Amino acid sequence: MDNHIKIRVKNLTFSYHKIPIFENISLDFEAHAITAITGPSGRGKSTFLSILNRLWESQPFSRMQGKVWIHLDGHWIDIYGRTLTKPDLRRKVGMVFQTPNPLPMSIYKNMAFPLKLIGMTDKSLVADKITAALRQAFLWDEVKDRLNNSAFSLSGGQQQRLCIARALVSRPEILLLDEPTSSLDAGAASVIEDLLVNLKKQCTLIVVSHYLDQVSRIADNALKLESCGFTQV
Ligand code: ADP
Ligand code: MG
């Protein structure tokens, strides 16, 4: 398999309640690039992202066939196989949702939360990782003097950057973003576009977006989801 590919989807078929969402789809995602997914509401964009991090599995009457591999440390890993646990997968494949979803706790504790889950207790290491991720999310300068304030004291755009930073603190190799700027004004969206482009150095990004101008500004590749399949835009 090719090294410039990060995600390979093969013969994917998916349904909810036996209603098909995807039928025998195969496609690759380029490493260290932003791939945008556009398309009308209800076609399956969010479902597709949920297949890449196994989030759909909690949905009743949902069924998937096919394979998804990700390229990790020089090996192709079947994400539905036994090599990766689901928590390990979610650390490698971070997710950011449309509406910012900080936890009801301080900015610092939001950032520390994923590290606590993996048992990282070295306080200076935790602090270093938090600082680095907040910088990558273009948020450090705005929050460094108020890390103990509630995450809800931040603006919508800052909350979304906090959620991106929280995903980055686990050093994911893939970042999935589902309409990450839909709830934000143009200025806040623009900062997020810039930081996503900057993240290509370390991550492979898939961004669902309704905004074609945004897609043309940030995406290296763009796909449109039509009925049961993707077309190149
Ligand atoms: P998009 O993100 O493109 O708007 P979704 O992936 O959210 O689309 O949904 C695709 C289709 O699947 C829609 O018709 C939606 O109503 C349906 N759907 C989504 N989630 C579920 C679920 N948990 N159970 C049943 N149907 C669902
Ligand atoms: Mg959606």
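Reader: How much space lies in the second largest pocket, and which residues line the second largest pocket?

Author: Rolling a probe the size of a water molecule over the atoms shows where empty space is left. In this predicted model, the second largest pocket holds about 180 Å³ of space, and its lining is made up of Tyr 108, Ala 112, Leu 115, Lys 116, Met 120, Thr 121, Lys 123 and Val 126. Helices H3 and H4 (123-136) each give two or more residues to this lining, with the largest share, 4 residues, coming from H3.

Reader: What is the volume of the largest pocket, and which residues are the closest to its centre?

Author: The largest pocket has a volume of about 610 Å³, and among the 20 residues that line it, Arg 90, Met 95, Pro 114, Leu 117 and Arg 166 are the closest to its centre. By class, this lining divides into 13 nonpolar, 4 polar and 3 charged residues, and strand S6 supplies the largest share, 4 residues.

Reader: How many aromatic pairs are there?

Author: A pair of aromatic rings is described by the distance of the centres and the angle of the planes. The count here comes to 7 aromatic pairs; one of them joins Phe 14 and Tyr 16 edge-to-face, at 5.0 Å centre to centre and with 85° between the planes.

Reader: Is Phe 14 buried or exposed?

Author: Phe 14 counts as buried because its relative accessible area is 0%, under the cut-off of 20%, whereas Tyr 16, at 24% relative accessibility, is partly exposed. Ring pairs also link Phe 14 and Tyr 16 with Trp 56 and Tyr 80 into a cluster.

Key
Residues numbered from 1 in each chain as written. Chains lettered and ligands numbered in written order. Predicted model: local features only at pLDDT ≥ 70, side-chain atom pairs only at ≥ 80, totals over all residues. Heavy atoms only, no water. Phe/Tyr/Trp six-rings, centres within 6.5 Å; stacked < 30°, edge-to-face > 60°. Buried < 20%, exposed > 50% of the residue type's maximum accessible area, 1.4 Å probe, protein only. 1 Å grid on protein atoms, 1.4 Å probe; cavity = no way out; pocket = protein on both sides within 12 Å on 5 of 7 lines; lining within 4 Å. Points joined across faces, edges and corners; volume = space filled by probe spheres on them. Nonpolar A, V, L, I, M, F, W, Y, C, P; charged D, E, K, R; others polar.
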